[in-house]
Amino acid sequence: MTDAMRRDIDRARHDPASISIPATSAFTVGMRSVDSTAKLDQVVATVDGPIEVSGLVEGDVVSVDGDIHVHPSGHITGNAFAAHGNVVVMPGGQVDGEIRSLPEAIGPMSPIAAAPKAGRSPWRSLELSIAWLCLALVMGIGVLTFAGDRLDTASTSLSEQFGRSLLFGIIGLLAVIPVGVIMIVLLCITIIGIVVAPLAAIAYVLLVLGVAVLGFTAVAETTGQAFYRRRAHALTDRGARLRAVVTGIVIYMGLWVIAAAAGWIPVAGALLHVVASAVTFIALASGFGSVIAARYDARKAARGEMRTPDASSLPGMAWQTPTPVGGVAAARRPTPPPSQTPSS
Amino acid sequence: MRLTLLAVALACSSASAQEWRTLDVTRQLRDPAPLNVDITYGAGTFTLGPATPPDLYEMHLRYPTGRTAPVATYDAASHSVHLGIKSQNFSMPGGDADQNELHIGLARGVPLDLTTEIGAADVKVDLGGLAVQQMKLKTGATDVTLAFSSPNTMRMRAMDLTVGAAGFKATGLANANADHIALHAGIGDFELYFDGTWTGDIWLDAKVALGSLTIHVPEDVRVETNAKAFLGSIDGGHERTAAPARDTSDNEDEADTSDDDSSSDDAPAVARASAKAATQGAKPVVVKTKDVTIVKVTTGAQAPRYTLHVVGSATLGEITVDHKLAGAGGQ
């Protein structure tokens, strides 16, 4: 058997359309015949055939670089497989297994063999998580720079009523898709609406993403502020907010980095992914809700429906009056009445 | 989703990396037990029809290497076979997926549970003469022709057609021998021809999203439409029993619908209509309402033997019933 024949057998073995091929040593070279009176209880394999089957073969018949002819009296109890050849079964010929022919080129298919397996490697996950961390930092700083007042409103809403923000957030997230669909359908009722619908859809997606980013940054800022609450640092207000945002984002996105880094560890890696997912969901939902709640409160306040709380019953900065824009209006801080000191 | 990926995978095959290969697979019929057939295919030409005896199934596949791999697996224990292709990766557009071809033949007389998922392909399926007991056809962006050129040899439990963006034409649906046909249509033109041999009533559940569905029905088959139009439209889905006739004519030999505003004259008109119906071998049914007496005349020749019940919905698309096909020819 020549090296070329060995290579052909090897190529046939690694063809993705191939079925089981016996060891190369089991192959014979050149034409092979099974007479009508013959009965073979073994695999018949030939390279550079053909194979003529007129008798009984109790097993597979494999031909590389040649055809297989099953004559009317021929019977193969296994498969008949011709690589770079054809299987021809004449009327009356029997093959109990599969009849398979690869008449054209054979061999492995390198792109498929080299295709990446499903799922990501831990290194890839780590790269992605770090990239997301950087992206979140950029977006967070952007929000702080360009939408600082809105961020302040959302952070206030979040820190004062976290549960309410979370509830608003979950409801809001659940409503995102139905509201979008309803909006598009309603737009499509009219001819003008059909034209506007694609733009409206894009605007809606951008709005939802904007709210999500703003909310997440608010959560990060609130978390960062809580982190530094008991640590005295001489920073300006702007600097303190930047530090809080960066710290919060690092905390939340850092969870993903840690989870990706622990991806090598079977149970711990999966567990950390679950924790990171849960924390991120809560952060996103509460942040999303805080923006909605702040907007809702601002509208109520603008309509004068906001119940003015008793300032003396609220702690800290709660005495300030929220405005529709989200900032606070200058007001006098309630102070206790001056004590009645007897005049001397 | 899987169909789309499959289609994109094949359509985007890079010509530079392609080497065309052919795979022929057949298995001879040994066991007539019901066969589960699962076919997946991406882009190219796909044909399905009866196999050449004595084969249980036969497949001829021509495919490019690099982006796809053939599938031909048979499980003797469950008597199921999976045929077609699978894809594993993608590349930029520029391939010549039109040269892909897949032909599958299935044995006559073997009960078949057929599941077919096609991506983007030119599909021609003729199941005439086979024994299909269940059928699911899912297609993505395709030009599909489904035919039952001769009657299905066994009762089909369910026929489920899910068609995405396509031109879809199904003919000989009465030959399918199916009680229930479900069509989920996306975008495109869909035509269902209920010609062939009717053996019983058929329920068609058609859900049309954005496309246009035309249902062609023999004129001697009754159609009942209970489909809902959300933002789309449904046309021509009127009931086609023999038309109610009001015989209140002055001419005793001719029925018309005049003078039906006078209830005092109903008695002779009803008598005339009944007598005329009797002479024609028809059964008169007298229906009295508050103001009008109606004689429904249903002749034996006109009586529909079978009914097509159309349910479902047209979300943004339209469903049209065309009642002009030749006779049902039911047994």
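In chain A of this predicted model, an open sheet is built from 4 strands in the order E2-E5-E8-E11, and their pairing is parallel. The edge positions belong to strand E2 (32–34) and strand E11 (87–89) of chain A, each of which pairs on one side only, and the twist from one strand to the next averages 10°.

**The parallel sheet of chain A**
- E2(A) runs parallel to strand E5 (residues 51–53) of chain A, and the two are joined by 3 bridges.
- Within this pairing, A:Val34 has A:Val53 of E5(A) as its bridge partner.
- As a general point, the strands of a sheet pair through backbone hydrogen bonds, in either a parallel or an antiparallel sense.

- Chain A contains 8 helices and 15 strands, while the secondary structure of chain B comes to 2 helices and 22 strands.
- Of the 344 residues of chain A, 32% count as buried; for chain B, with its 331 residues, the buried share is 44%.
- In chain A, 45% of the contacts with a sequence separation of 6 or more are between residues 24 or more positions apart.
- In chain B, among contacts between residues at least 6 apart in sequence, 64% link residues that are at least 24 apart.

**Helix H6 of chain A against H4**
- Helix H4 (residues 148–160) and helix H6 (residues 191–227), both of chain A, pack with their axes 9 Å apart and at an angle of about 60°, and the crossing of H4(A) and H6(A) is right-handed.
- On the H4(A) side the meeting residues are A:Arg150, A:Leu151, A:Ala154, A:Ser155, A:Leu158 and A:Ser159, and they face a set in H6(A) that includes A:Leu214, A:Gly215, A:Thr217, A:Ala218 and A:Glu221.
- Sorted by class, the residues in the contact of H4(A) with H6(A) are 6 nonpolar, 5 polar and 2 charged.

**Helix H6 of chain A against H7**
- H6(A) also packs with helix H7 (residues 237–261) of chain A, where the axes are 6 Å apart and the angle is about 105°.
- Because angles of 65 to 115 degrees count as roughly perpendicular, H6(A) is described as roughly perpendicular to H7(A).
- From H6(A), the residues making this contact include A:Thr217, A:Val219, A:Ala220, A:Glu221 and A:Phe227, and from H7(A) they include A:Arg241, A:Arg243, A:Val245, A:Ile249 and A:Tyr252.
- By class, the contact of H6(A) with H7(A) comprises 8 nonpolar, 6 polar and 3 charged residues.

**Strand E1 of chain B and its partners**
- Strand E1 (residues 20–28) of chain B is mostly covered, with 7 of its 9 residues buried.
- Within chain B, E1(B) pairs in the antiparallel sense with strand E4 (residues 55–64) over 9 bridges, and the bridge partner of B:Asp24 in E4(B) is B:His60.

Notes. Residues numbered from 1 in each chain as written. Chains lettered and ligands numbered in written order. Predicted model: local features only at pLDDT ≥ 70, side-chain atom pairs only at ≥ 80, totals over all residues. Buried ≥ 20, exposed ≤ 12 C-beta atoms within 10 Å, placed from the backbone. Contact = placed C-beta atoms within 7 Å. Axes fitted to C-alpha atoms, helices over the stretch in contact; angles between N-to-C directions. Left-handed = near helix turned anticlockwise from the far one by under 90°. Nonpolar A, V, L, I, M, F, W, Y, C, P; charged D, E, K, R; others polar. Pairing = 2+ DSSP bridges. Parallel < 35°, antiparallel > 145°, perpendicular 65-115°, else oblique.
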